[in-house]
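Here is a short report on one protein chain. Please look at the model before reading on.

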Amino acid sequence: MTSTPATTAAAPTTDAVLVLSCPDQRGIVAAVSALLFDHGANIEESQQFDDVRTDQFFMRIRFSVSAGGPDVGRWRELFADVAARFDMQWQIRGVADPYRALIMVSRFGHCLNDLLFRWRSGALTMDIPAVVSNHRDLEPLVTSYGIPFHHVPVTADTKAQAEARLRDIVAEHDVDLVVLARYMQVLSDDLSRDLSGRVINIHHSFLPSFKGAKPYHQAFARGVKLVGATAHYVTADLDEGPIIDQDVVRVDHRMAAEDLVRAGEEVESRVLARAVRWHCESRVLLNGDRTVVFS
């Protein structure tokens with residue numbers, strides 16, 4: 001009688017993503033590749049871009065290391081000298097390490113509902129420690145997912161107190177990213193600066209043509225043929241931060257105003273989800289008033 005040899009489990013690996021930007025110069029790729037090679041890393045995906053407009057170089061590398069090799073913390077130590085030599089802005093994260101994303105919403109729930117579903121199904125590399133809203137309309141939806149809901153009402157007289165509470169929530173939950181999923185309040189200049197590069201907003205792409213209330217109804221009255229959405233990082237300039245993603249859908253004369261609203265909600269949800277996913281996969285790098293997206 002023969003026995004079957006015991007199956008040996010595959011040794012776990014370290015999977016990480018390195019993203020960097022720096023002034024363009026010779027030797028960047030060689031230095032980074034040599035460091036990874038010298039410490040046993042295998043490059044699995046590499047993307048780079050040289051912006052001749054700003055003379056800045058951008059790079060994203062996904063790499064793996066067999067068991068016993070450097071972990072993510074050690075890679076950060078190893079990379080520090082190369083980063084200093086080339087004056088880099090850089091980050092190394094584990095591929096599976098989730099971003100801690102705080103979602104903010106008002107009364108329109110389509111983007112929130114879409115993000116919660118994608119999060120629950122594992123399609124987004126993020127944790128959602130809390131949802132903040134200035135209204136209670138969507139509290140039942142949030143609590144059905146087992147996520148803490150914070151009601152932080154905002155008026156002209158209480159805006160400063162509300163933002164102080166928001167800062168407390170961000171600190172309490174060690175938040176990496178704030179997602180404005182149709183949050184209908186304007187963040188102050190100070191808060192926008194303090195969270196620079198960490199807040200993603202979504203809005204319709206009719207701006208600046210149709211401002212204010214019921215933009216889809218305004219667009220319907222003008223007979224528009226395209227409905228779109230824009231996801232961008234928040235800056236002190238309202239709705240003018242660096243753009244991460246945009247998309248459009250065609251509409252026509254047969255559609256009522258409510259049909260335009262539904263089309264808009266669908267494209268807003270889709271664009272915001274893509275922007276959040278790319279951010280949480282370390283695919284978006286800031287480039288002044290623009291972004292580099294390694295999609």
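## S192 and its surroundings

S192 is in contact with L187, V234, T235 and A236, leaving aside its neighbours within four places in sequence. Contact here means heavy atoms within 4.5 Å. S192 sits in helix 6, residues 189-194. Helices are DSSP runs of H or I with at least four residues, strands are E runs of at least two, and both are numbered from the N terminus. With a relative accessibility of 3%, S192 counts as buried. Buried means under 20% relative accessible area, exposed means over 50%, and partly exposed lies in between (1.4 Å probe, protein chains only).

## Basis of the model

This is a predicted model, in which local features need pLDDT of at least 70, side-chain atom pairs count only at pLDDT 80 or more, and totals for chains, interfaces and linings use all residues. Residues are numbered from 1 along each chain as its sequence is written, and side-chain values use heavy atoms, with hydrogens and water left out.

## Loop residues

R182 lies in the loop between strand 9 (177-180) and helix 6. Its phi is positive, near 65°, and R182 is not a glycine. R182 is buried, at 12% relative accessible area.

D55 also has a positive phi without being a glycine, at about 60°. D55 belongs to the loop between strand 2 and strand 3 (56-65). The relative accessible area of D55 is 43%, so D55 is partly exposed.

G40 is in the loop that links helix 1 to strand 2 (41-51). G40 is partly exposed, with 49% relative accessible area. Not counting residues up to four places away in sequence, G40 touches S64 and V65. G40 and L124 are 84 residues apart along the chain, and their C-alpha atoms are separated by 29 Å.

## Helix 1 against helix 2

Two packed helices are described by the angle between their axes and the distance between the axes. Helix 1 (residues 28-38) and helix 2 (residues 72-85) pack at about 160°, and their axes are 11 Å apart. Axes are lines fitted to C-alpha atoms, for helices over the stretch in contact, and angles run from 0 to 180 degrees between N-to-C directions. Helix 1 and helix 2 are therefore roughly antiparallel to each other. The classes are roughly parallel under 35 degrees, roughly antiparallel over 145, roughly perpendicular from 65 to 115, and oblique for the rest.

The crossing of helix 1 and helix 2 is right-handed. A crossing is right-handed if the near helix is turned clockwise from the far one by less than a right angle, and left-handed if anticlockwise. Helix 1 brings A31, V32, L35 and L36 to the contact, where they meet W75, L78, F79, V82 and R85 of helix 2. The residues of this contact divide into 8 nonpolar, no polar and 1 charged. Ala, Val, Leu, Ile, Met, Phe, Trp, Tyr, Cys and Pro count as nonpolar, Asp, Glu, Lys and Arg as charged, and the others, Gly among them, as polar.

## Helix 3 against helix 8

The axes of helix 3 (residues 110-120) and helix 8 come within 9 Å and cross at roughly 45°. That makes helix 3 oblique to helix 8. The crossing is right-handed.

From helix 3, H110, C111, D114, L115 and R118 meet E265, E268, S269, L272, A273 and V276 in helix 8. This contact of helix 3 with helix 8 has 5 nonpolar, 2 polar and 4 charged residues.

## Helix 7 against helix 8

How do helix 7 and helix 8 pack, and at what angle? Helix 7 (residues 215-222) meets helix 8 (residues 257-280) at an angle of about 125°, with the axes 9 Å apart. That makes helix 7 oblique to helix 8. Their crossing is right-handed. Y216, H217, A219 and F220 in helix 7 are in contact with A257, E258, L260, V261, G264, E265 and E268 in helix 8. These residues divide into 6 nonpolar, 2 polar and 3 charged.

Which residues of helix 7 are buried? They are P215, Y216 and A219. These residues lie on the same side of helix 7, because they cover an arc of only 100° around the axis. The arc is that of the directions from the helix axis to the C-beta atoms. The buried residues of helix 7 pack against strand 10 (199-204), strand 11 (226-233) and helix 8. After helix 7 comes G223, with a positive phi near 70°.
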